[in-house]
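Please take a moment with the sequence and the model before reading on. The paragraphs that follow lead through a few features of the structure one at a time.

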Amino acid sequence: VFFESHTQNMAERFANQDGNNPYSVIQKKLLQMKTEREQESADIEALELEKSTIQKVLPKVLYSIDIIREKMEKKRKEIQIYDNAISEIERNFGSVIFSAQVFDDTNQQ
């Protein structure tokens, strides 16, 4: 009884709002809500699929990043070794290397 009276009240309210058949208004609203629900469900499924794909790919990407990071660190260490070697050579032999006599062809033997 409550449901029927509640439905009747809703139908009368809808009928008073736009003068249409109250049942057709309810039917249109239900169809609209069903369509929206189906769209939301499809969106959720698409997001779940995307999430699954990302979860499969992410570990591989992170592993690749770790390998690249290790290679970069190794290269940084090599650069530091070369920089230290160049500094040491300049410190010990800079006066000879940077003198004009090094570039003079007449002093070569």
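**Salt bridges, surface and bend**

D66 is partly exposed, with a relative accessible area of 37%, where partly exposed describes what falls between buried, under 20% relative accessible area, and exposed, over 50% (1.4 Å probe, protein chains only). This is a predicted model, in which local features need pLDDT of at least 70 and side-chain atom pairs count only at pLDDT 80 or more, while totals for chains, interfaces and linings use all residues. Residues are numbered from 1 along each chain as its sequence is written, and side-chain values use heavy atoms, with hydrogens and water left out.

The side chain of D66 meets that of R69 in a salt bridge, at 3.2 Å from N to O; the term stands for a side-chain nitrogen of Lys or Arg within 4 Å of a carboxyl oxygen of Asp or Glu. Side chains of opposite charge can pair when their charged atoms come close. D66 and R69 are separated by about one helical turn, because they stand three residues apart in helix 2, which covers residues 22–97; helices are DSSP runs (H or I, at least four residues), numbered from the N terminus. R69, at 54% relative accessibility, counts as exposed.

The structure holds three salt bridges. In another of them, R76 pairs with E73, and their closest N and O atoms are 2.9 Å apart. R76 and E73 are again three residues apart in helix 2, so about one helical turn separates them. R76 is partly exposed at 46% relative accessibility, and E73 is partly exposed as well, with a relative accessible area of 36%.

E78 and K75 also meet through their side chains in a salt bridge, at 3.8 Å from N to O. These two residues, E78 and K75, likewise lie three residues apart in helix 2, about one helical turn from each other, and E78 is partly exposed, with a relative accessible area of 28%.

What forms the nonpolar patch on the surface? I54, V57, L58, V61, L62 and I65 do, with about 480 Å² of accessible area together, an area that comes from the Shrake-Rupley method with a 1.4 Å probe, where for residues only the protein chains shown count as cover. Such a patch is made of residues with over 30% relative accessible area and no salt bridge, nonpolar side chains (Val, Leu, Ile, Met, Phe, Trp, Tyr) being joined within 5 Å and like charges within 9 Å. V61 lies in helix 2 and is partly exposed, at 38% relative accessible area.

Helix 2 also has a kink of about 55°, centred on R91, the bend at a residue being the angle between axes fitted to the seven residues ending there and the seven starting there. Buried residues in helix 2 include P22, V25, I26 and G94.
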